[in-house]
Amino acid sequence: MLNLVLRRLLTGIPTLLLLLTLCFFLMRLAPGGPFDRERSLPPAVETALRAEYHLDESLWQQYRRYLGGIAQGDFGPSFQYEGYRVQELIAAGLPVSLQLGGAALLLALLAGGALAVLAVRKPGGPLDRALMSLTLLGICLPNYVVAPLLVLLFALTLGWLPAGGWQPGQWRDLVLPVAALALPQIAYIARILRSSLLETLAAPYIRAARARGLSESRVLLVHAIKPALLPLISYLGPAAAALLTGSVVIEQVFGIPGLGRYFVQAALNRDYTLVLGVVTLYGALVLLCNLLVDLAYGALDPRQRAA
Amino acid sequence: MSWRLAAVLALLMLSGIVCAASENRLRIGNNAEPESLDPQRASSVSALNIIRDLDEGLVQLDAQGQPQPAAAQSWQRDASGLVYTFTLRPSARWSDGSALQAQDFVAALRRAVDPRNGAPFAQLLSPIAQAEAIMAGHATPESLGVAALDAQQLRITLARPTPQFLALLAHPVSFPLHGPSWQRYGAGFARAGRMLSNGAYQLRDWVVHDRIELVRNPHYWNAGTVRIAQVSYYAIDDVDAELKRYLAGELDITAQIPLVQAPQLRRERGAELRLAPYLGTYYLGLNVRRAPLDDPRLRRALSLAIDRKLIVDKVMNGLAAPAASWVPPGTADYSPQTPDWAQWPRAQQLAEARRLYREAGYTSEHPLHIELRYNQHDDHRRIAIVVAAMWKQWLGVQTQLLGEENKVFLANRRAGHITQVFRASWIADDQDAAGFLQVLASGNGRNDTGFADAAYDALLAQAAAQGEAPSRRARLEEAERYLLAQQPLIPLYFYLSKHLLSPRVQNWQDHVLDYHYSKDLWLAP
Amino acid sequence: MSLLRRLPRSAQLALLLLMLLALAAMLVPLLSPYACDQIDFGGVWSAPPGLQAAHWLGTDSLGRDLLVRGFCGARVSLLVGLVGTLVALLIGVSYGALAGYFAGRLDALMMRVVDVLYALPFMFLVIVLMALFGRHFLLLFVALGAVLWLDMARLVRGQTLALREREFVAAARLAGLSELQILRRHILPNLAGVVIVYATLTVPQVILVESFISFLGLGVQEPLTSWGVLINDGAREMQSSIWPLLIPCLLLLLTLLCLNLIGEALRAALEPQVRR
């Protein structure tokens, strides 16, 4: 077990390096540079800026300089936010995104799980159908529609919650963004869990358990849930990584200083170092989540453990 | 039990709302996250807004755009008109209490013109003696025509007589530099916990992508008159999100107004809507280097076919003013040069457009095929769609719309190899009409149309040679008339500054450059 | 055909609806007096729906007919969904089957590549591709498919790993069939069930991803439009008029509902086969 974890962490390093290299060169292929602005800079100024950020060196030199920096824990200066290092920006945004994404993940798991358990009580029954149609709505409504609707309703019409903003420790700031972030996840989780629950409930050993006269909720929550969690867990791996690194839409609508906006804006602004910083972070998180998924699989599925 | 919980919650919420509204804090929506608060390095409008609250130049502009004493209490001009001597206020201080000295201005100006420092607005300082040579790398920054005579006396020598020179000193590029901070932190000096400022406010907190908090600077020479204790600038680039936060009472001033919501806002919040002329022109640039737009007849036809009033009324929803000329109204010492056709009835405009279109060799069988590029933004896209529809409807032009990712668009527009028609805008740095006209001078780095016309350049050169003489104005006006006849660009609308302003904000004054110093405002209790 | 008959009534109805929708997407823009991008300069902009009015479903804030635009959007969105899914299938199935069938070192290597691509933030890739290739219509599909094949590859690989241990594969090998022949004749047909079910789930995913790209303003180029573009435009003006948002949303919802019903039914109909 420990061996597996160590091995996976070690193989993760070359994977990340590969990822980093791929992105470094891919990014430079895109036309336009960090200093192209609506109001273009005088050539002398642009030359000075390029020299300041070492963009005048060869690509290979820049690559080496960048890797050298990383080896010392420095992800370089941001091109867009002057005077900030990439790691400073990430260190500021990551806790916010973790908090928001973590809360949304928790909510999605609880609510999605509850919906799935409710739905499988009578498969094909009216409640099941109603819930599943509802989840479909949750999946197909893009969050850039849902989020403003939530603001309109709860902030502007009812006046219960703020329309945006982020003050550390203010739970009211969290409610709407967490809800908007969790909504599609609730729907996905409910659907995945429902279908895998149905499949497990058809298995012989469940029929045996029922035959022994165990109550339906005991069958469901004790015997069926464990194997039924497997497909959900493999879904949750990448989903958790995405949630925890923030969502550009939610952050934009609610004015939250998380990481999500960096993914899009850094790429749009050709903020090369910041792009690479968030890509590395995201990659590391995905690898970590995958590792956790595999560990969970092992814990839940005895066959896998033997293999 | 549960109703008690509900009551406590309700109380908590209420207290939150009440707190937000009654405290002496101004909450400003400020568009995009500022890229820097370094006066010499900042370039975006949102950054410059904040810097004008933090730092103070030798002068500041009043609501009429007239320079008023600020860090300098007075100044003299010698007989030649080329040498200014400024006297700083003895009570002027940095926010740590240390004295503001003439040397701080010298350091700032030298830093700005030194090309190694990459100051985006350095060119504004070109009237100062030696500035152009330094910017070109031919002279050392120390040779700049700026000298500290003593701690309080600053002398600036100009290369040539320059109208509007004093107004340039209200621009952040000429704001003072606290030398020790710069030496200690380098480019990162303008951050919370490091930055010293000499204006009415000082930087307290900077949360990237959220807000920048300023608090009153107790060492400001005029601190007694500053009434708002705290100013929060929120970085909200999503215009819809900004409006929602304003409507929820979380902002006092917005930076923008969503176009599609304007009619509704006018009905429901008419009194809070502040629209005022703003020195900026939105236009379609025409790449005159390449066929088919090298033909002035075609350029004119395309311009005449556009119904600007319709664009302003229905697309901009009244948040702009129709533009038939290049220099917007409101520049100093200049009259707007409206061309004749702007007064014609629409039918006559269209008839003339069709005549020119035919003359240029296009018919309904052989229509013009043209590409219209814009950077991907909702407002640009909507305007491009309508312009293309007008060209199609009234001339039969087949327009291909190309919405490009922003940086791709900027790179293409600048290179000019593949562009035909492209969206652009120009926002003034000062109130001088020459700033607009210079954009189209041949060889100007911002002239993306490729327009290069010796006669036009000559008119501009003649105007510059007039110094501050009244004849300068006539030359400039002639240059614009000439430009409009050549039509290397199609002006669509003049900008308006557009804000929603909470009724509790007092003493707000409209300004053609959209400068609003927080120190002049106060909040109704 | 027999498969179709085995499906429950609701799924058959969904299929019919979907076909009707596709037909309408083809015909409505052809038959309507208005073109997709035509601005009614004389008419009312932001007009509400009304059967007596010139525009049955009203106009958007630029005076364009909402009915026609809804179905013009359907053309692009359905096409994006189909082509994107096809590309994802093509790459995903062949990649996954190869990796799973040959297993061992090749598998490890191929899955390492998948890991790297998985770790690449999707939006970053889309933005760079858009910047690189411009906003070409077809490229959008390819980019989407090229991103969405990863899940498919993983799924297929897992299935193939299990299949290759089965008796019939060993039998085929003994009968002297080449590896590729086995792959084609015995492995791929047995993957069909999983693949079809997964494909019906990928189509809506592609449509939704396209709508997110449109949110960033990098979706299809004017005058083409898609449901994503329409919903995004509609969301901006929903406070002044709800119709520009409602119409594409309903169409999208209907499509997703149909696809989902079909997918579920297919899964129910096909899975026992796979198990057998």
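Visitor: Which side chain meets that of A:Glu38 in a salt bridge?

Guide: This is a predicted model, in which local features need pLDDT of at least 70 and side-chain atom pairs count only at pLDDT 80 or more, while totals for chains, interfaces and linings use all residues; side-chain values use heavy atoms, with hydrogens and water left out. Residues are numbered from 1 along each chain as its sequence is written, and chains are lettered from A and ligands numbered from 1 in the order in which they are written. A salt bridge is a side-chain nitrogen of Lys or Arg within 4 Å of a carboxyl oxygen of Asp or Glu. At 2.7 Å from N to O, the partner of A:Glu38 is B:Arg423.

Visitor: Is B:Arg423 buried or exposed?

Guide: Buried means under 20% relative accessible area, exposed over 50%, and partly exposed in between, with a 1.4 Å probe and protein chains only. A:Glu38, at 30%, is partly exposed. B:Arg423 has a relative accessibility of 3% and therefore counts as buried.

Visitor: Which residue of chain C forms a salt bridge with B:Asp240?

Guide: B:Asp240 is in helix 7 (residues 239-247) of chain B, and its partner is in helix 9 (residues 227-236) of chain C. With the closest N and O atoms 3.0 Å apart, the residue is C:Arg236.

Visitor: Which residue of chain B meets C:Asp233 in a salt bridge?

Guide: C:Asp233 lies in helix 9 of chain C and its partner in helix 12 (residues 378-395) of chain B, so this pair also joins two chains. Both residues are buried. The side chains meet at 2.6 Å, N to O, and the partner is B:Arg381.

Visitor: Which residues are linked with B:Asp240 and C:Asp233 in a network of salt bridges?

Guide: Side chains of opposite charge can pair when their charged atoms come close. A search of the whole structure finds 50 salt bridges over all chains. Besides B:Asp240 and C:Asp233, the network links B:Asp378, B:Arg381, C:Asp60, C:Arg64, C:Arg69, C:Glu222 and C:Arg236.

Visitor: How many salt bridges are counted between chain A and chain C?

Guide: Contact means heavy atoms within 4.5 Å, and 43 residues of chain A are in contact with 39 residues of chain C. The residues on the chain A side divide into 33 nonpolar (Ala, Val, Leu, Ile, Met, Phe, Trp, Tyr, Cys and Pro), 4 charged (Asp, Glu, Lys and Arg) and 6 polar (the others, Gly among them). Between these two chains the count of salt bridges is 0.

Visitor: What area is buried between chain A and chain C?

Guide: Buried area is the accessible area (1.4 Å probe) that two parts lose on being put together, summed over both. Carbon and sulfur atoms give 78% of the area between these chains. In chain A, A:Leu136, A:Cys140 and A:Tyr144 lose the most area to chain C, together 19% of what that side buries. The area is about 3,300 Å².

Visitor: How many helices does chain A have?

Guide: Of the 307 residues of chain A, 54% count as buried. The C-alpha atoms fill a box of roughly 85 × 55 × 35 Å along the principal axes. With 0 strands in chain A, the number of helices is 13.

Visitor: With which side chain does that of B:His516 make a polar contact?

Guide: A polar contact is a pair of N or O atoms within 3.5 Å; within protein, one must be able to donate a hydrogen and the other to accept it, and residues adjacent in sequence count only if both atoms are side-chain atoms. B:His516 lies in the loop between strand 17 (505-506) and strand 18 (522-523) of chain B. Its side chain reaches the backbone oxygen of B:Gln509 at 3.2 Å. The side-chain partner, at 2.8 Å, is B:Asp514.

Note on methods
Helices (H or I, at least four residues) and strands (E, at least two) are DSSP runs, numbered from the N terminus.
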